Each structure stands twice: as C-alpha cells, then as structure tokens.
Amino acid sequence: MFSENARIGGTLIWYWSICHRQVWLMARGIEPDPSNEHMVLGRLIDENSYTRERHQVAFGDNKFDFIQSEGDRVIVCEVKKSSRAEASARLQLAHYLYELEKMGIEASGVLMFPKEKKRVSIELTMETKNELDGIYKEIKTLTELGNPPPAKSGKYCPKCSYAEYCWG
C-alpha cells in the first residue's frame, strides 16, 4: 500500500491498455529493462525523428515527445515506433490532452509513426474523457494491490521489457 496515490502519467495509461501487471510494476518505480532491444529501438526512433523539435516536454507527471503550435492551438505530438499498439497510444495522447484541458489549455494531438510514414490526429471528446476517468479509477485500484496482478500471456509479451518479472 502506498502512502500517497500513484502518479498517473502517460506511461501508466499506455501500460494499462497493454498489461495491468506493468502498471503495478511501473507505479512502484520498477523500471523496464533498458537494454531490451525494442526499448532501445523506440528510444532511437524518438531521438532521431523530428530532430528539429524539442523532445521530452515535461508537464506535470507527463512527458510529451514534443509540441507544435498552429496559430493559438497547441498540438501535442507523440512518436511511436509502430502502430501495432495504436489504441494504447491514442489513450496515452488523449490523457495528455485531458491533463492540459484541466489546466485550461486547449490542445489537439498527433500520433506519429515515422517508420510507417503515418500520422493520426487525435481530438479529446467527452466519451474519451469518461473512458479516461474510468481508467484512472482502475489504475488507482491496481496500484493499491499488495501484490502484482497475475502474469497473463498476451500478444505483447514476446517483446516486453518487463518479461523477466513475469516469466523469468
């Protein structure tokens, strides 16, 4: 049990959509294996794509890959190595937009998949805000568990940087 609530940033939202065990581990500061080849590749793509942009813009408990502006509008950009987990990436970016809205900043988002030359625009809707509110509650419940949720084999497990905590 934590003495304070887990800080819910974009990464926890991403992990919630992929694996609840990852949420529990990350919330306790247990980091994924930084030498995992998929983590390394993701970092390289992030660092070497859109090099003219300022990367890792911190906002509260979140770090956006970078931001742009279009007139008075803020555009939060999130770079991913592939669209394989696009649903997770959409939730992560929607979370960023929701956090900005709570601070009075209206923004939209763009998911960028440079290897695929693909861009997906994201707008925050009431439906998405309601979905995120439910996810926040589920994450709070998960992080309050005394033990991690049981390991479950899924489609992301073979490339997971937390695999040693489940199958090692």
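## Basis of the description

The structure is a predicted model, in which local features need pLDDT of at least 70 and side-chain atom pairs count only at pLDDT 80 or more, while totals for chains, interfaces and linings use all residues. Residues are numbered from 1 along each chain as its sequence is written, and side-chain values use heavy atoms, with hydrogens and water left out.

## Overall make-up

The protein chain has five helices and six strands, where helices (H or I, at least four residues) and strands (E, at least two) are DSSP runs numbered from the N terminus. Along the sequence these elements follow the pattern α-α-α-β-β-β-β-α-β-β-α.

Of the 168 residues in the protein chain, 39% are buried; here buried means under 20% relative accessible area, exposed means over 50%, and partly exposed lies in between, with a 1.4 Å probe and protein chains only. Among contacts (heavy atoms within 4.5 Å) in the protein chain between residues at least 6 apart in sequence, 66% join residues at least 24 apart.

The buried residues of α2 are R21, Q22, V23, W24, L25, M26 and A27, and what covers them includes α1 (10-18) and α5. After α2 comes G29, whose phi is positive, near 80°.

Helix α2 (residues 20-27) packs against helix α5 (residues 126-143) at an angle of about 65°, with the axes 9 Å apart; the axes are lines fitted to C-alpha atoms, for helices over the stretch in contact, and angles run from 0 to 180 degrees between N-to-C directions. The two helices α2 and α5 are therefore roughly perpendicular to each other, on a scale where angles under 35 degrees count as roughly parallel, over 145 as roughly antiparallel, 65 to 115 as roughly perpendicular and the rest as oblique. The crossing of α2 and α5 is right-handed, a term used if the near helix is turned clockwise from the far one by less than a right angle, with anticlockwise giving left-handed. In this packing, H20, V23, W24 and A27 of α2 meet E138, I139, L142 and T143 of α5. The residues of the contact of α2 with α5 divide into five nonpolar, two polar and one charged, where Ala, Val, Leu, Ile, Met, Phe, Trp, Tyr, Cys and Pro count as nonpolar, Asp, Glu, Lys and Arg as charged, and the others, Gly among them, as polar.

## Helix α1

In α1, the residues G10, L12, I13, W14, Y15 and W16 are buried, and the buried residues of this helix pack against α2, β2 (62-64), α4 and α5.

The packing of α1 with α5 has an angle of about 85°, and the axes are 11 Å apart. Helices α1 and α5 are therefore roughly perpendicular to each other. Their contact is made by L12, I13 and W16 of α1 together with L132, I135, Y136, E138, I139 and L142 of α5. By class, the contact of α1 with α5 has eight nonpolar, no polar and one charged residues.

## Aromatic pairs

A search of the whole structure finds five aromatic pairs, where rings of Phe, Tyr and Trp (its six-membered ring) pair if their centres lie within 6.5 Å, and planes under 30 degrees apart count as stacked, over 60 as edge-to-face and the rest as tilted. In one of these, the rings of Y15 and Y162 have centres 5.7 Å apart and planes at 80°, so the pair is edge-to-face. This pair links distant parts of the chain, with Y15 in helix α1 and Y162 in the segment after α5, 147 residues apart.

Both Y15 and Y162 are buried. Y162 also forms a tilted aromatic pair with Y165, at 5.9 Å centre to centre and 55° between the planes. The relative accessible area of Y162 is 1%, whereas Y165, at 33% relative accessibility, counts as partly exposed.

## Two individual residues

E86 is placed in helix α4 (residues 86-102) and, at 13% relative accessibility, counts as buried. Not counting residues up to four places away in sequence, E86 touches L111, F113, K118 and V120.

K117 lies in the loop between β5 (107-113) and β6 (118-122), and K117 is exposed, with a relative accessible area of 77%. Most residues other than glycine have a negative phi. Phi of K117 is near 55°, a positive value in a residue other than glycine.
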